[in-house]
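The sequence and structure are shown first.

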Amino acid sequence: MNNPATSQNDAMHGTRERESKAALTDSPTPPEELVILVERLMHFMNLWTVYRDLLSGHYVPTVGAPSETDPFPKNDPFPNITVTMMFLLYASFYSLIEEDKKSLNAFRIWRQHFPEEESAIAAIEAQVTPFAEDLKRFPNRLGFHGSRSRAHEASGFDLFAKHSGSTILAAMANFKRLGAVLLAKEKQARQTKESESPHCPVVR
């Protein structure tokens, strides 16, 4: 049975996320990197929704449905859809926090655009940092890039051997919520700035 308080919280977060999706469409053009981060964050949020709905039984896929008693069966030689969605979710999450300077890193981008939220950003980063290095190997060996041997893909499983799934999911959930809050804040700031600026005539 669903917990009413949990359902209410999920509904509130869902509303906030839907509002955040319009944050960069109702305002003047924001920095390109921030736009790209938002797009990828939306992909992550969509995967999160599908994965959580799948686990909670909101829908049953026509093929590869998870067992009601064991969503991750150990004796099944082939991964069911729950495992597939988990792999995609974890790999998508890492694409938002890569340390490579040529890649997106939400913590760096958030600090640039929301320096006043440093304490909140640092708190979530502290939750992610303990498993970030193992998460990095996961998409490289299992999530996105296929390995040619079991030996090569083995280190991809270190993520599960060293860190609990509940800890990782909790950190992801807090990351997702912070992202929604910051995007809503960005939307409000841009709308306020736009309303305070005098409208200039269009030059043709």
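## Confidence of the model

The model is predicted, and the protein averages a pLDDT of 80, with 75% of the residues scoring at least 70. Among the elements of the protein, helix H4 (residues 106-113) has the highest mean pLDDT, at 95, whereas helix H1 (residues 4-20) has the lowest, at 52. Over residues 20-28 the pLDDT is below 50, although this stretch has 22 contacts in the model beyond near neighbours in sequence.

A further stretch, residues 200-204, also stays under 50 in pLDDT, and for these residues the model has 0 contacts beyond four places in sequence. Where pLDDT is low, the predicted coordinates should not be read in detail.

## Overall organisation

The protein has 8 helices and 0 strands. From the N terminus on, its elements therefore read α-α-α-α-α-α-α-α. Of the 204 residues in the protein, 36% are buried. Among contacts with a separation of 6 or more, 70% are accounted for by residues 24 or more positions apart.

## Packing of H2 against H3

Helix H2 (residues 32-56) and helix H3 (residues 81-94) have axes that come within 9 Å and cross at roughly 155 degrees. Because angles over 145 degrees count as roughly antiparallel, H2 and H3 are placed in that class. H2 passes H3 in a left-handed crossing.

On the H2 side, the contact is made by Phe 44, Leu 47, Trp 48, Val 50, Tyr 51, Leu 54 and Leu 55; on the H3 side, by Ile 81, Thr 82, Met 85, Met 86, Leu 88, Leu 89, Ser 92 and Phe 93. The residues of this contact between H2 and H3 comprise 13 nonpolar, 2 polar and no charged.

## Asp 53 in H2

Helix H2 also holds Asp 53. With a relative accessible area of 25%, Asp 53 is partly exposed, because that class lies between the limits of 20% for buried and 50% for exposed. Leaving aside neighbours within four places in sequence, Asp 53 is in contact with His 58 and Tyr 59.

## Packing of H3 against H8

H3 also packs with helix H8 (residues 165-196), at an angle of about 55 degrees and with the axes 12 Å apart. At this angle H3 and H8 are therefore oblique to each other, and their crossing is left-handed.

Leu 89, Tyr 90 and Phe 93 represent H3 in this contact, where they meet Gly 165, Ile 168, Leu 169, Met 172 and Phe 175 of H8. The residues of the contact of H3 with H8 divide into 7 nonpolar, 1 polar and no charged. Leu 89 and Phe 93 of H3 are listed in the contact with H2 and in the contact with H8.

## Packing of H4 against H8

H4 and H8 have axes 12 Å apart and pack at an angle of about 30 degrees. That angle makes H4 roughly parallel to H8. The crossing of H4 and H8 is left-handed.

Here Ala 106, Phe 107 and Trp 110 in H4 meet Phe 175, Leu 178, Gly 179 and Leu 182 in H8. The residues of the contact of H4 with H8 include 6 nonpolar, 1 polar and no charged. Phe 175 of H8 is listed in the contact with H3 and in the contact with H4.

Methods:
Residues numbered from 1 in each chain as written. Predicted model: local features only at pLDDT ≥ 70, side-chain atom pairs only at ≥ 80, totals over all residues. Heavy atoms only, no water. Axes fitted to C-alpha atoms, helices over the stretch in contact; angles between N-to-C directions. Helix = DSSP H or I, 4+ residues; strand = E, 2+ residues; numbered from the N terminus. Parallel < 35°, antiparallel > 145°, perpendicular 65-115°, else oblique. Left-handed = near helix turned anticlockwise from the far one by under 90°. Contact = heavy atoms within 4.5 Å. Nonpolar A, V, L, I, M, F, W, Y, C, P; charged D, E, K, R; others polar. Buried < 20%, exposed > 50% of the residue type's maximum accessible area, 1.4 Å probe, protein only. pLDDT = per-residue confidence, 0-100.
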